[in-house]
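Dear colleague,

I am passing on the structure we spoke of, together with some notes on what was found in it. Please read the notes with the coordinates open beside you.

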Amino acid sequence: MSVLKALVQALGSGGVRVVDLTQTLSEDFPTIVLPPEFGPSAPVRIERISRYDAAGPAWYWNNLSFGEHTGTHFDAPAHWFTGRDRPLGTVDTLPVGHMVAPACVIDCSAGSAADDDFLLTREMVEAWEAEHGLVPDGAWVLMRSDWSKRTGADYANLRDDGAHTPGPDAGCIRWLVEERGILGFGTETIGTDAGQGGHFDPPFPAHHFLHGAGRYGLQCLTNLHLLPPVGAVLMTAPLKVHEGSGSPLRVLAMVEDNA
Ligand code: MN
C-alpha cells in the first residue's frame with residue numbers, strides 16, 4: 001500500500017490522531033512585554049465587520065490585526081540579528097518541506113512546577129536520549145513545561161525584573177543546534193528563551209543559536225502532555241507574509257495510537 005493511502009486509512013480508523021497544539025488567538029491571550037525603551041508588539045485585535053446585520057445581512061466576518069509574534073506562533077531565522085543574512089530566512093521563503101517534521105518531547109513539567117526559572121540542560125537531554133534514543137537530525141525539540149495550563153498574569157509571570165518562565169540554558173540550545181541538527185525548538189511559554197534569558201551569555205541564547213543557524217522557534221504551544229516522547233509528526237505552516245519574521249499559526253501533531 002502507498003504511504004499516503006495507509007496514512008489516510010489510519011486517520012480514518014483513529015490509528016493516527018491529530019492533536020491541536022494551538023492556543024486560541026484572542027484579545028485576552030498575553031503578548032510578550034519588552035522593556036519600555038523598545039518598540040512594543042501590538043496586541044491581537046478582532047473587529048467585527050458584520051454578523052448578519054445591517055453591515056452585512058447574510059454574512060459574518062472580522063478584521064484582524066496582531067503582531068507577528070502573538071499567540072501560538074512561529075519564529076523564522078530573520079527574527080534575530082544572527083539570522084538576518086540566512087537565505088530563505090523569512091516566512092514567505094521557508095522551504096515547505098520543513099513544515100512537516102518529527103518532534104521529540106522532553107517533559108520538564110515537574111522541574112517547571114518547582115521553579116519558575118527552570119532551565120533545560122544538555123545533561124537532561126542526554127538523560128532523555130538514554131531512554132528514548134538520540135534526537136534525530138531535522139527534528140523539533142519541544143520543551144513540555146505544562147505552562148500552557150496557566151492563565152492571565154500567571155502565564156506571563158512578570159515581576160519587577162522581567163518575566164520568570166522556563167527555557168533552555170545556553171549550552172543546551174547550542175548543543176541541540178550544532179550536535180543534534182534540530183530543525184527548531186518549541187515551548188509552552190511566550191518565548192523560546194527563558195524569561196530571564198536576556199541575562200544569559202549570549203543574551204537570549206535560543207534566539208541567538210537557533211536563528212543564526214537558520215532554525216526555527218515555536219512558542220505558546222499547548223497540549224504537549226498529549227504527545228509521546230518520540231513519534232509525533234508536526235505540521236507548522238506559518239502565514240506566507242511578505243518578508244515576515246514570524247506569524248501566528250495552527251500547529252498540529254499527528255500521533256500514532258501505539259506510539
Ligand atoms: Mn516569537
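The notes below take up the sheet, a helix, the salt bridges and the pocket, in that order.

Please keep in mind throughout that this is a predicted model.

The sheet is open and is formed by nine strands, whose order runs E1-E15-E13-E5-E7-E11-E12-E4-E14, with mixed pairing. Strand E1 (16-20) and strand E14 (246-248) stand at its edges, and because each has a single partner strand, one side of each is left without a neighbour in the sheet. On average, and with direction ignored, neighbouring strands of this sheet are turned by 25° against each other. As for one of the pairings, strand E13 (residues 232-236) and strand E15 (residues 251-256) run in the antiparallel sense and are joined over four bridges; Thr236 is found opposite Val251 of E15. As a general point, the strands of a sheet pair through backbone hydrogen bonds, and they may do so in parallel or antiparallel fashion.

Helix H1, which spans residues 3-13, is hardly covered, since one of its 11 residues counts as buried. Gly14 follows H1, and its phi is positive, near 90°.

Turning to charged pairs, a search of the whole structure gives 11 salt bridges. Side chains of opposite charge can pair when their charged atoms come close.

One of the salt bridges joins Arg144 to Asp107, with 3.3 Å between the closest N and O atoms. Arg144 belongs to strand E7 (residues 140-144) and Asp107 to strand E5 (residues 100-107), so this pair ties together parts that are 37 residues apart in sequence.

Another salt bridge is formed by Asp146 and Lys149, whose closest N and O atoms are 3.5 Å apart. Here Asp146 counts as buried, at 17% relative accessibility, while Lys149 is exposed, with a relative accessible area of 52%. These pairs should be read together, as Asp107, Arg144, Asp146 and Lys149 are linked in a network of salt bridges.

A further salt bridge, between the side chains of Arg122 and Glu126, has an N to O distance of 3.1 Å. Both residues lie in helix H3 (residues 122-132), where they are four residues apart, about one turn of the helix. Arg122 counts as partly exposed at 36% relative accessibility, and Glu126 likewise counts as partly exposed, at 32%.

The last item is the largest pocket, which holds about 970 Å³ of space. Its lining is made up of 37 residues, and those closest to the centre of the pocket are Ile32, Val33, Leu34, Pro35 and Phe204. Which strands supply at least two residues each to the lining of the largest pocket? They are strand E4 (73-75), strand E8 (158-159) and strand E9 (162-163). Sorted by class, the lining of this pocket comprises 14 nonpolar, 17 polar and six charged residues.

With best regards

Technical notes: Residues numbered from 1 in each chain as written. Predicted model: local features only at pLDDT ≥ 70, side-chain atom pairs only at ≥ 80, totals over all residues. Heavy atoms only, no water. 1 Å grid on protein atoms, 1.4 Å probe; cavity = no way out; pocket = protein on both sides within 12 Å on 5 of 7 lines; lining within 4 Å. Points joined across faces, edges and corners; volume = space filled by probe spheres on them. Nonpolar A, V, L, I, M, F, W, Y, C, P; charged D, E, K, R; others polar. Salt bridge = Lys/Arg side-chain N within 4 Å of Asp/Glu carboxyl O. Buried < 20%, exposed > 50% of the residue type's maximum accessible area, 1.4 Å probe, protein only. Pairing = 2+ DSSP bridges. Axes fitted to C-alpha atoms, helices over the stretch in contact; angles between N-to-C directions.
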